[in-house]
Amino acid sequence: MKVVLVDDTHINLVLMSRLVDKLQGVSTIGFQSAREALAWCNAHPYDLLIVDYMMPDLNGLEFIARLQAPPDQRPPVLMVTASVDLDVRHRALENGASDFLIKPIDKVEFLARTRNMLALRSATLSLQHRASWLADEVAKATAELCAREQETIMLLCRASEYRDPETGAHIQRMARYSRLIAAGLGLSDEQQSDLLNAAPMHDIGKVGTPDHILLKPGRLTAEEMAVMRQHAEIGYNILKDCKARMHKLAAEIALTHHERYDGQGYPRGLAGEAIPQAGRIVAVADVFDALTSVRPYKPAWSMEAARQHLLDHSGAHFDPRCVDALLRRWDEVLDIRARYQDEQGGPAAVTA
């Protein structure tokens, strides 16, 4: 451990240094200039500061007051003083002094106080290391739980995609469009990540839609459309009882991503701010990508045509702020479209 000694008298430095050298595993560095010592202390780690009170260029009280580390975060400070003035001691304590030594220094008392201060420092560092270790362990455990959540999401999405004509690339794109919108709305990084991971489960309820409706190549009849629309409630019922935050968000999205801003959507006919924000975000992302993708009942629209559709229906079908948040980042939209192309074959899981 390192002890810093500050005293304008050379003989005092020599005396204190020799006394400290008697302690095992301890080294010293001494300064006769208080200003040089202060600059060193503010730039280097140390474990104990022993500083004289009466010094010509900077007294002990001023020295302690100018230490950059807050009193509750700095190493112990032992002030050496010939003054018995209580006011000096009180001011020293207010500035962060841990203990005092009265001149002339008694060797036994000096060593005892120094040993106690270093033991205090050692215990403090041990607690800090323990706290850091615990924080790391909590972070590891949290990361493992998140990984398991991601695995569950992947399996649910795969189950849905095996029955749905929509490709894994659609899931990749609409999830990233959702995150773009969330970023444009000023949502936190955590909220953006949650949307990226929960959005792919928006149509999980289609596992309950009959094949002759889900895979029909032409337009659906009114009766068939009524059955198809049940997938929002089915998806919500699948996910609603999950305890994980991600799945709760996914349940909300599954239920509300077909609601319309003007209240003409389904399944509950919610309007405006009554529609959860996540549902409003995914509604824009999902419809936009569906328009630009091939479906059994239609060819893919151009990106510009889909963009115009969002503008034409902003304030009716879509939340205008969500539309604006997506279109303001058009270059990123085009990049997502280029990176995640539709492919033939099995479903693809969403990756960060």
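Select Asp52: this residue stands opposite Val80 in strand 4. Strands here are DSSP runs of E, at least two residues, and helices are runs of H or I, at least four, numbered from the N terminus. The model is predicted, so local features need pLDDT of at least 70 and side-chain atom pairs 80 or more, while totals for chains, interfaces and linings use all residues. Residues are numbered from 1 along each chain as its sequence is written, and side-chain values use heavy atoms, without hydrogens and water.

Now select residues 48–52 and 77–81. These are strand 3 and strand 4, paired in the parallel sense over four bridges. Pairing takes at least two DSSP bridges between two strands.

Next, select helix 1, residues 10–20. Helix 1 packs on the sheet and touches strand 1 (2–6), strand 2 and strand 3. Contact means heavy atoms within 4.5 Å. The direction of helix 1 makes about 165° with that of strand 1. Axes are lines fitted to C-alpha atoms, for helices over the stretch in contact; angles run from 0 to 180 degrees between N-to-C directions.

Move to helix 2, residues 34–41. Helix 2 also packs on the sheet, at about 155° to strand 1.

Show its side chains. Ala34, Ala37, Leu38, Trp40 and Cys41 are buried (under 20% relative accessible area, 1.4 Å probe, protein chains only). Look down the axis of helix 2: the buried residues fall within an arc of 160°, so they line one face. The arc is taken from the directions from helix axis to C-beta atoms. Their cover includes strand 1, strand 2, strand 3 and helix 3 (60–65).

Five strands form an open, parallel sheet in the order 2-1-3-4-5. Strand 2 (27–31) and strand 5 (99–102) are the edges, each pairing on one side only.

Methods. Buried means under 20% relative accessible area, exposed over 50%, partly exposed in between (1.4 Å probe, protein chains only).
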